[in-house]
Amino acid sequence: MLIGTPKLGAWHDERLEGATSDLYFSADVETDGPIPGPYSILSFAIVYAGSFDGRNFSRPQNYDEVFYRELKPISDSFEKEALDVNGLDRARLCVEGAAPQEAMTEAFGWITKNANGARPVLVAYPLSFDWTWLYWYFVQFCKAGSPFDYSRCFDIKTAFAVKAGVPISRAGRSKLDPSLSSKRQHTHHAIDDAIEQAEIFANIFEWKGAYERAR
């Protein structure tokens, strides 16, 4: 043991004094392909999903705090399979969709306003897809950059794997116990899926985990 190293509890208490809470935002994107740049975000939704101050997690009473936009594509490339999944009319969005610069700037403002001094954290299940798209779009199209900086993100899939004691390869949504799932349908509409995901996030965050349950 290193001399002068504080006990974990003391370190934790000290760090919490004046600490800034995390404010979580569940995000879902619907796209016309696998990666940003060659392909485009067609719609995205961001939903307030809860807060954590290091001791206490608070889930929202409802999911009325929602930001949603449908965007103009940024290229001519698309995959029909992606459109078949989300059901969005890409031709309509080429005419009626919001410009990415406008949408991402508005999203940045909405997130920072609702964070109200707390640190916004992006959550998704799995995180890798939605984070890749939104971070790229924020950096590319919003002068202020990403409201989540370059790494403030929370992968619900990893949290479930750790708490359930299972490999990541067995931590997909289909493996969730009904008590951790949302009762909402997964519709591939960004608002519906972001809210569904926010409920799963809160359920897993509050869950004691498989090891605690087995004691």
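Biologist: Which residues have the most contacts inside the largest nonpolar core?

Modeller: This is a predicted model, in which local features need pLDDT of at least 70, side-chain atom pairs count only at pLDDT 80 or more, and totals for chains, interfaces and linings use all residues. Residues are numbered from 1 along each chain as its sequence is written, and side-chain values use heavy atoms, with hydrogens and water left out. A nonpolar core is a set of buried Ala, Val, Leu, Ile, Met, Phe, Trp, Tyr and Cys residues joined through side-chain atoms within 4.5 Å, where buried means under 20% relative accessible area, exposed over 50% and partly exposed in between, with a 1.4 Å probe and protein chains only. The largest such core has 31 residues, and those with the most contacts inside it are Phe25, Ile41, Phe44, Ile46, Met104, Leu134 and Phe138.

Biologist: Which elements give two or more residues to this core?

Modeller: Helices (H or I, at least four residues) and strands (E, at least two) are DSSP runs, numbered from the N terminus. On that basis, the contributors are strand 1 (22-31), strand 2 (41-52), helix 4 (100-115), strand 5 (119-124) and helix 5 (127-141).

Biologist: How many residues does the other core have?

Modeller: This other core lies apart from the largest one, and among its residues are Tyr24, Ile156, Ala190 and Ala194. Its number of residues is 28.

Biologist: What is the angle at which the axes of helix 4 and helix 5 cross?

Modeller: Axes are lines fitted to C-alpha atoms, for helices over the stretch in contact, and angles run from 0 to 180 degrees between N-to-C directions. The axes of helix 4 and helix 5 come within 9 Å of each other. Helix 4 is therefore roughly perpendicular to helix 5, a class that covers 65 to 115 degrees, with under 35 roughly parallel, over 145 roughly antiparallel and the rest oblique. The crossing angle is roughly 105°.

Biologist: Which residues of helix 5 make the contact with helix 4?

Modeller: Contact means heavy atoms within 4.5 Å. Helix 4 brings Pro100, Gln101, Met104, Thr105, Ala107, Phe108 and Ile111. The partners from helix 5 are Leu134, Tyr137, Phe138 and Phe141.

Biologist: Is Glu30 buried or exposed?

Modeller: Glu30 belongs to strand 1. Neighbours within four places in sequence aside, its contacts include Ile41, Leu42, His188 and Asp193. Because its relative accessibility is 6%, Glu30 counts as buried.

Biologist: What distance should helix 7 span?

Modeller: Helix 7 holds 17 residues (190-206), and its end C-alpha atoms are 24 Å apart. The expected span is 1.5 Å times one less than the number of residues.

Biologist: Which residues does the cis peptide bond join?

Modeller: Most residues other than glycine have a negative phi, and most peptide bonds are trans. Here omega is about -5°, and Pro126 is found in the loop between strand 5 and helix 5. The bond joins Tyr125 and Pro126.

Biologist: What is the phi of Asn116?

Modeller: Asn116 sits in the loop between helix 4 and strand 5. At 69% relative accessibility, Asn116 counts as exposed. Although not a glycine, Asn116 has a positive phi of about 50°.
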